[in-house]
Amino acid sequence: PVYFSTVDLTFWSTFPNLSINVNDVKIHDAFKTQQSKNILLKSERIRLVFNPIDLWKENYHIKVIEIGKGELNVRTAKNGEVNYLILNPSKDTSTTTYEVKVSSVNTKDFKVNYLNRQTQQNYCTTLNDMEFSGDFDQKEFTLNAKGDMHLERIQSGSMALLKHKPVSVDLMLTVDSEQGTFMLPTSTIKVANIPFVTGGYRDWE
């Protein structure tokens with residue numbers, strides 16, 4: 001389940017857009033068979049920004065999702081189960097034209113932690129000011145990731161590969177959500193102001 005304290009509407013601070021603010025959001029781990037009280041996601045505020053005319057026309061286009069201070073903890077257990085499958089398949093087989101489109105996601109002071117107990121991989125980073133944009137509702141889309149983050153730690157087993165490094169990115173990735181793959185053209189990432197060339201094709205695993 002998703003927990004939150006309050007929901008409020010904002011117009012003047014995001015004029016001419018309309019915003020829905022969901023405050024003190026908290027989601028617990030969603031392992032399939034394991035019991036866990038750990039946090040999957042928490043945020044002081046998640047803001048959904050709409051064009052009010054789109055809503056009037058029943059065009060559910062979220063222009064921006066702003067994720068405030070908080071953290072995302074992605075975990076893979078030793079048996080391979082993951083903690084982030086929070087949406088259960090619907091038993092309703094009827095069709096609907098109801099669709100939601102998201103254009104961009106912005107984060108500020110948001111921590112992202114990844115722990116894989118199968119492979120003993122541990123990644124921790126803070127997204128200081130990041131913007132992710134693309135046609136997220138499509139099966140195949142181009143994702144632009146731009147901004148600054150602070151890499152807290154990349155660890156494999158007991159060996160720390162990187163610690164406490166500022167990172168600047170401006171990347172364009174081709175994502176295939178149906179196949180679970182992404183392709184990164186040759187790009188430059190700055191780690192502690194040192195440019196590194198990266199690129200390649202891989203799946204989520």
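1. Asp-29 and Arg-75 are both buried, where buried stands for under 20% relative accessible area, exposed for over 50% and partly exposed for the range in between, with a 1.4 Å probe and protein chains only. The two residues form a salt bridge whose closest N and O atoms are 2.8 Å apart, the term being used for a side-chain nitrogen of Lys or Arg within 4 Å of a carboxyl oxygen of Asp or Glu. Because Asp-29 lies in the loop between strand 3 and strand 4 (39-50) and Arg-75 in strand 6 (residues 70-76), the pair ties together parts that are 46 residues apart in sequence. Strands, like helices, are DSSP runs numbered from the N terminus (E, at least two residues, for strands; H or I, at least four, for helices).

2. On provenance, this is a predicted model, in which local features need pLDDT of at least 70 and side-chain atom pairs count only at pLDDT 80 or more, while totals for chains, interfaces and linings use all residues. Residues are numbered from 1 along each chain as its sequence is written, and side-chain values use heavy atoms, with hydrogens and water left out.

3. How many salt bridges does a search of the whole structure find? The search finds 3, and another of them joins Arg-47 to Glu-66, with the closest N and O atoms 3.9 Å apart. This pair links distant parts of the chain, Arg-47 being in strand 4 and Glu-66 in strand 5 (residues 60-67), 19 residues apart. Arg-47 is buried at a relative accessible area of 10%, whereas Glu-66, at 26%, counts as partly exposed.

4. A salt bridge also forms between Asp-129 and Lys-108, where the closest N and O atoms are 3.2 Å apart. Here too distant parts of the chain are linked, with Asp-129 in strand 9 (residues 121-133) and Lys-108 in strand 8 (residues 104-116), 21 residues apart. Asp-129 is partly exposed, its relative accessible area being 40%.

5. The second largest pocket holds about 290 Å³ of space. Of its 15 lining residues, the closest to the centre are Asp-29, Ala-30, Phe-31, Leu-85 and Ile-86. On the 1 Å grid over the protein atoms alone, a pocket is an open set of points with protein on both sides within 12 Å along at least five of seven lines, and lining residues have an atom within 4 Å of a point. The lining divides into 9 nonpolar, 3 polar and 3 charged residues, and strand 1 (2-3) and strand 3 (18-28) each supply at least two of its residues.

6. On the surface, Val-2, Phe-4 and Val-7 form a nonpolar patch with about 280 Å² of accessible area together; such patches are made of residues with over 30% relative accessible area and no salt bridge, nonpolar side chains being joined within 5 Å. Val-7 is found in strand 2 (residues 6-10) and is partly exposed, at 45% relative accessibility.

7. Some backbone features deserve a look. Phe-15 and Pro-16 are joined by a cis peptide bond with omega of about 10°, and Pro-16 is found in the loop between strand 2 and strand 3. Asp-24, a residue other than glycine, has a positive phi near 55° and is found in strand 3. Gln-120, likewise not a glycine, has a positive phi of about 60° and is found in the loop between strand 8 and strand 9.

Conventions:
1 Å grid on protein atoms, 1.4 Å probe; cavity = no way out; pocket = protein on both sides within 12 Å on 5 of 7 lines; lining within 4 Å. Points joined across faces, edges and corners; volume = space filled by probe spheres on them. Nonpolar A, V, L, I, M, F, W, Y, C, P; charged D, E, K, R; others polar. Patch = residues over 30% accessible without salt bridge, like charges linked within 9 Å, V, L, I, M, F, W, Y side chains within 5 Å. Areas by Shrake-Rupley, 256 points an atom, 1.4 Å probe, with all protein chains shown as cover.
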